[in-house]
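Subject: Structure handover

Hello,

Here is the structure we spoke about. Please open it and keep it beside these notes.

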Amino acid sequence: MGCVKLVSFMLYPFFGQLAFSSSLPHLCPEDQALALLQFKHMFTINPNASDYCLNISTGQEIQSYPRTLLWNKSTDCCSWDGIHCDEMTGQVIELDLCCSQLQGKFHSNSSLFQLSNLKRLDLSYNDFTGSLISPKFGEFSNLMHLDLSCSSFTDTQLRGVLPERVFHLSDLESLDLSENPQLTVRFPTTKWNSSASLMKLYLYDVNITGRIPESFGHLTSLHELYMGYTNLSGPIPKPLWNLTHIESLFLDDNHLEGPISQFSRFEKLKKLTLKNNNFDDRLEFLSFNRSWVQLEWLILSSNSIHHEWTAKPKKAILVIKLLEWDYLYLPGYFPFLH
């Protein structure tokens with residue numbers, strides 16, 4: 001009992017100091033506040049720049065409003081809307097300006113790149129019409145989440161070539177560049193530095209062209225992969241079948257080819273879309289694969305897939321119902337089975 005009292009007495013000053021320090025305001029550094037204000041003044045506010053915003057993961061609409069409107073030098077930048085600072089150092093580590101009605105040119109030497117401690121950066125659903133992607137996006141060494149999707153709503157979007165260094169950010173967990181068709185993405189041919197950490201890769205409607213590289217086989221933590229409308233061609237590389245954590249896979253509207261039977265190896269798959277490709281195979285493997293009990297979404301239309309089943313139709317339907325698929329879209333055979 002005496003030992004407990006002694007330990008408590010010795011730790012009391014420590015806890016008191018900790019409580020005192022946690023109550024202190026964590027002012028962000030002056031240079032970072034200035035960098036943010038300079039970034040703000042590079043753009044105008046236009047509600048049409050963010051007229052419809054959607055969370056790609058949840059399907060829910062995001063509220064559009066000008067997050068930077070009330071930013072001013074008379075208040076601590078850590079209290080500004082869309083800003084999150086490290087509680088100990090005051091450094092800006094998160095900048096979320098999704099759907100913030102920003103319109104204007106995003107310059108390659110933007111003051112934004114002075115925020116070297118950023119871990120999360122979301123600039124999606126704004127209008128950076130005609131802006132070239134800056135190579136400095138690959139210099140945020142601590143970045144875990146980068147979202148530049150839907151950055152314009154006109155025939156010119158964020159354009160240029162994505163710096164390959166982005167794929168080598170060692171802590172990167174989520175990357176979303178969707179709906180920037182003039183943005184060219186070239187994957188590293190060797191193992192990425194982000195291979196072990198990357199869980200979400202959204203590259204819907206960007207310019208990739210060519211084949212899926214075998215380096216994808218190293219993305220062992222990948223849960224969601226969206227690469228529809230990207231001009232991909234050729235077969236699925238064998239290393240891709242080893243990504244056993246995949247839950248959502250969208251490869252629609254490309255020029256991919258080959259058999260689809262290997263997709264049954266993705267036992268955690270919930271959503272699979274392969275429509276408008278050149279895949280060829282039979283669907284028999286689907287009817288007897290009981291490992292896909294969690295599958296909610298399946299679209300295979302506009303491929304060279306045979307609809308014959310070795311089992312009688314009634315038995316095939318029964319097996320599908322046993323799999324408890326919430327949504328199945330196979331035009332010409334079993335449309336919209338619930």
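Is Cys 150 buried or exposed? Cys 150 is buried, at a relative accessible area of 4%. Buried stands for under 20% relative accessible area, exposed for over 50%, and partly exposed for the range in between, with a 1.4 Å probe and protein chains only.

Some ground rules before the rest. This is a predicted model, where local features need pLDDT of at least 70, side-chain atom pairs count only at pLDDT 80 or more, and totals for chains, interfaces and linings use all residues. Residues are numbered from 1 along each chain as its sequence is written, and side-chain values use heavy atoms, with hydrogens and water left out.

The chain as a whole

The chain has 338 residues, and 48% of them count as buried. It holds four helices and 23 strands. These are DSSP runs numbered from the N terminus: helices are H or I with at least four residues, strands are E with at least two. The chain exposes about 17000 Å². Carbon and sulfur atoms supply 55% of that area. The areas come from the Shrake-Rupley method with a 1.4 Å probe; for residues, only the protein chains shown count as cover.

Now contacts, meaning heavy atoms within 4.5 Å. Take those in the chain with a separation of 6 or more: 65% of them are between residues 24 or more positions apart.

The disulfides

A disulfide here is a pair of cysteine sulfur atoms within 2.5 Å. The count by that rule is three. Number the bonded cysteines in sequence order and the pairing reads 1-3, 2-6, 4-5.

- Cys 28 and Cys 77 are joined, S to S 1.8 Å. Cys 28 lies in the loop between helix 1 (2–23) and helix 2 (30–41), and Cys 77 in the loop between strand 3 (61–62) and strand 4 (83–85), so the pair ties together parts 49 residues apart in sequence. Both Cys 28 and Cys 77 are buried.
- Cys 53 and Cys 99 are also bonded, with their sulfur atoms 1.8 Å apart. Cys 53 sits in strand 2 (residues 53–54) and Cys 99 in the loop between strand 5 (92–96) and strand 6 (102–103), so this link ties together parts 46 residues apart in sequence. The torsion about the S-S bond of Cys 53 and Cys 99 is about 80 degrees, so the disulfide is right-handed. Both Cys 53 and Cys 99 are buried.
- Cys 78 and Cys 85 are joined, S to S 2.1 Å. The link of Cys 78 and Cys 85 is left-handed, with -100 degrees about the S-S bond. Cys 85 is buried, at a relative accessible area of 8%.

Cys 98 counts as buried, at 5% relative accessibility. Back to Cys 150: the closest cysteine sulfur is in Cys 53, at 8.2 Å, again too far for a bond.

A sheet to look at

Strands pair if DSSP finds at least two bridges between them. Strand 11 (residues 180–184) pairs with strand 13 in the parallel sense over two bridges. Asn 180 has Val 206 in strand 13 as its bridge partner.

Best wishes
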